[in-house]
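User: Could you take me through this model, one piece at a time?

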Amino acid sequence: MIQKALRFKNKVLLTKIFFTELFFGAYIFLFGFKKFTELLISPISKESKYKENEILRCEKIASRFNRIKKCLVRNGTIYYYFKKYGIACNLIVGVSNHNEFASHCWVESKNNVIDFDEEKKFMEIYRI
């Protein structure tokens, strides 16, 4: 798996996403959700260096190496890189109260809904 990732053509993007996920995980742990959303709100870039599928593929590989399963870290990273490279999107946070309280976040762009927990239905409460 490591050798396959090293042969991957977007090594630079993969490396950036890998370290961004580690940073975001620590940042959320130390400063909480509110400060994290303030960090994510940044100017939209017009630079279209990468496509959606390239960013998603790199994030999937990076999260496997990092062993990150938290939707806020993963989708926060996707949202950050979509915005950075000029892809219009929203980060949405929702809650569910079927049997017990649960929260979840996902990214919506014009082409995709990136959701790692599709089997549950969540009510939107916050959108960036």
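This is a predicted model: local features need pLDDT of at least 70, side-chain atom pairs count only at pLDDT 80 or more; totals for chains, interfaces and linings use all residues.

User: How do H2 and H4 cross?

Analyst: The axes of H2 (residues 11–40) and H4 (residues 71–84) come within 8 Å and cross at roughly 110°, the axes being lines fitted to C-alpha atoms over the stretch in contact, with angles from 0 to 180 degrees between N-to-C directions. Helices here are DSSP runs (H or I, at least four residues) and strands are E runs of at least two, numbered from the N terminus. The two helices are therefore roughly perpendicular, a label for 65 to 115 degrees.

User: Is H4 buried or exposed?

Analyst: 12 of the 14 residues of H4 are buried, so H4 is largely enclosed by the rest of the structure, where buried means under 20% relative accessible area with a 1.4 Å probe, protein chains only.

User: What covers those buried residues?

Analyst: The cover includes H2, helix H3 (52–66) and strands E1 (89–96), E2 (102–109) and E3 (113–114).

User: And which residues does Phe82 contact?

Analyst: Leaving aside neighbours within four places in sequence, Phe82 is in contact (heavy atoms within 4.5 Å) with Glu52, Ile55, Leu56, Ile87, Cys89, Val107, Ser109 and Ile114.

User: What comes after H4?

Analyst: H4 is followed by Gly86, whose phi is positive, near 75°.

Terms used: Residues are numbered from 1 along each chain as its sequence is written. Side-chain values use heavy atoms; hydrogens and water are left out. Angles under 35 degrees count as roughly parallel, over 145 as roughly antiparallel, 65 to 115 as roughly perpendicular and the rest as oblique. Buried means under 20% relative accessible area, exposed over 50%, partly exposed in between (1.4 Å probe, protein chains only).
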